[in-house]
Structures are given as C-alpha cells and as structure tokens.
Amino acid sequence: MPTPVVIGSGLTGLSISHSLSRASIDHVLIGRRPDMSPRLGESMNLEGTLLLWEMFPQLSRFFFPKAQVLGYLAGHEVVCDFDVGKRLVSRTVFRALGFAPAEEFLQVDRLGFDAALWELATASEHCTVVDAKVAGLDLDAASDRFTGVRLSDGTALEPSYVFDATNHGRLLGQTAKLAFRTLGTPQRVAYTHYHLPSGARHGLEDWERTTAVVRLFAATDGLEAIAWCIPLGDYVSVGVSMSADESQLSDDELLTRTIAERISEKHAA
C-alpha cells in the first residue's frame with residue numbers, strides 16, 4: 001500500500017517524520033542515526049531557532065540562552081545585547097513574524113538535539129526506519145509524480161508522497177531535471193568542538209552566555225573571514241567562515257591560526 005516516504009534523517013527529515021507521526025500518519029524514514037561528529041548549526045536564524053523551540057518543547061534542555069554577542073572588528077569591540085524580552089520593538093517584531101515574543105536569544109546544542117530528535121522521531125509506532133541509500137527514483141512524467149523509490153538493498157517502495165530531506169543532494173530535483181540557481185558565492189567553513197573532561201562540573205559563568213565573533217582581515221590576520229566561539233553547555237563550538245577560494249590552508253591550520261590564537265586572546269583580554 002502506498003505510504004509517505006521521507007528521504008534523509010537529518011534535522012529536516014526527522015522534523016518531517018515527527019510531524020507525520022503527530023498526525024498519526026504511517027510513513028517510511030530512509031536514513032540512519034546521525035553520527036555525533038561535530039555538527040554545524042548552532043547559529044541558526046531567528047525563525048529556525050524559534051520554530052524548533054515551538055515544535056520540540058520536550059527538547060528544551062538543548063537550547064542555551066545568550067545574553068549578548070561580542071563582536072571584535074579592527075580594534076573595536078561591539079556589544080549586541082539580547083535582552084529582547086523587555087523591549088517593545090523586539091516584541092512587536094516577534095509577533096509580526098508569527099511567533100510568541102521570545103524571552104531570550106537561544107542557540108542550539110546540535111550534538112545533543114539531533115541525537116534526541118532521532119530517538120523521539122523513530123520511537124513512534126507510525127515511523128518505519130529503513131537503513132539504506134536511495135539507488136533511484138521513478139518519475140511518471142504524465143502525472144508529474146514520483147511512483148517509486150528504489151533502495152540500494154534491492155527494496156522498492158511505492159510512495160504516496162516523497163519528502164526530499166537531502167538538502168543540497170536534491171534527489172527529487174535532479175531526477176525531475178529541475179533547474180536551480182545557487183544564491184551567493186560558495187563558502188568554506190572549518191569548525192570543531194572543545195569538550196569538558198568527562199564528569200567535570202561547572203557553574204554557568206557570564207562568558208558562557210556570550211557568543212564571540214571576530215572579523216579577520218588579510219592585512220593583519222592573513223585572510224578575510226569571520227571566526228566565532230559559541231559556548232553550549234559542556235562544550236564550546238569554534239570555527240571560521242570565509243569565501244571558498246580565500247585560503248589553501250587545511251582545516252586544522254585554519255583553526256590553529258584563527259581560533260586558537262585570536263579568540264583565546266580576546267577572551268583573555
């Protein structure tokens with residue numbers, strides 16, 4: 001019997017699966033449990049963060065409030081205060097976007113959140129997980145609908161709907177030969193996480209409620225880029241973002257030159 005098929009088990013695919021289960025819709029989720037390697041996504045846009053907060057209140061332990069962002073720009077320090085809950089203008093903006101006014105600016109622990117979301121979504125009786133790759137899709141051009149999902153293990157599924165959660169993989173778009181245009185120029189991001197030793201305990205300090213952003217310049221730092229430091233509970237996310245053709249350095253070399261040296265100096269100061 002045809003059933004909805006969700007391709008991809010990242011944040012998008014798991015969110016779709018959870019929504020289908022909440023509507024008591026049986027479906028197939030193609031993918032595997034997200035690995036726990038460093039994941040980028042802590043600095044999600046305002047709408048994305050709020051949507052996750054509203055969709056998954058039971059996972060609120062993976063959201064961390066930020067009091068401010070410190071920006072370092074050519075010898076100047078800029079402080080952006082996130083005391084958003086007490087200001088009329090910000091509350092009006094939140095309502096205009098269709099959200100309840102936020103009391104705090106939140107950033108997401110994607111390591112913990114993604115793992116917990118997998119357990120939440122796949123525990124539903126309405127979700128059937130298939131650990132396989134998609135080998136091909138069957139498209140009926142006359143009806144403009146996908147009629148088959150062929151898997152690497154030889155299994156063939158007959159979908160009622162297909163949700164493509166492969167993001168830039170664009171499985172459906174490629175099969176249907178849909179034209180697309182990439183917005184902006186290709187970017188390169190190098191990042192990692194620094195964790196507290198296992199079993200270590202600590203109290204919440206002021207710097208842990210602050211995100212630090214450093215603007216790097218070719219004249220003084222050797223490259224044009226943005227570096228960041230985001231405390232998230234028991235670990236810190238650090239990274240650097242730049243144009244894809246900006247530097248030939250390896251990720252490790254970039255992190256050593258831009259993160260370990262620059263951001264640690266700013267915090268020490």
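Me: How do you know that the contact between Arg-32 and Asp-131 is a salt bridge?

Reply: This is a predicted model, and in it the side chains of Arg-32 and Asp-131 approach to 3.1 Å, N to O; because the cut-off is 4 Å between a side-chain nitrogen of Lys or Arg and a carboxyl oxygen of Asp or Glu, the pair qualifies as a salt bridge. The two partners lie 99 residues apart, Arg-32 in the loop between strand 2 (27-30) and helix 2 (46-55), and Asp-131 in the loop between strand 7 (127-130) and strand 8 (134-140).

Me: Why is Arg-32 called exposed, and why Asp-131?

Reply: Exposed means over 50% relative accessible area; Arg-32 has 55% and is therefore exposed, and Asp-131, at 52%, therefore counts as exposed as well.

Me: What makes Arg-110 and Asp-114 about one helical turn apart?

Reply: Both residues belong to helix 4 (residues 110-122) and are four residues apart, which means a separation of about one helical turn. Arg-110 and Asp-114 also form a salt bridge, with their closest N and O atoms 2.8 Å apart, and both are buried.

Me: Why is Glu-224 called partly exposed, and why Arg-215?

Reply: Partly exposed lies between the buried limit of 20% and the exposed limit of 50%; Glu-224 has a relative accessible area of 32%, so it is partly exposed, and Arg-215, at 29%, therefore counts as partly exposed too. Glu-224 and Arg-215 form a salt bridge, the closest N and O atoms being 3.0 Å apart.

How values were computed. Residues are numbered from 1 along each chain as its sequence is written. This is a predicted model: local features need pLDDT of at least 70, side-chain atom pairs count only at pLDDT 80 or more; totals for chains, interfaces and linings use all residues. Side-chain values use heavy atoms; hydrogens and water are left out. Helices (H or I, at least four residues) and strands (E, at least two) are DSSP runs, numbered from the N terminus. Buried means under 20% relative accessible area, exposed over 50%, partly exposed in between (1.4 Å probe, protein chains only).
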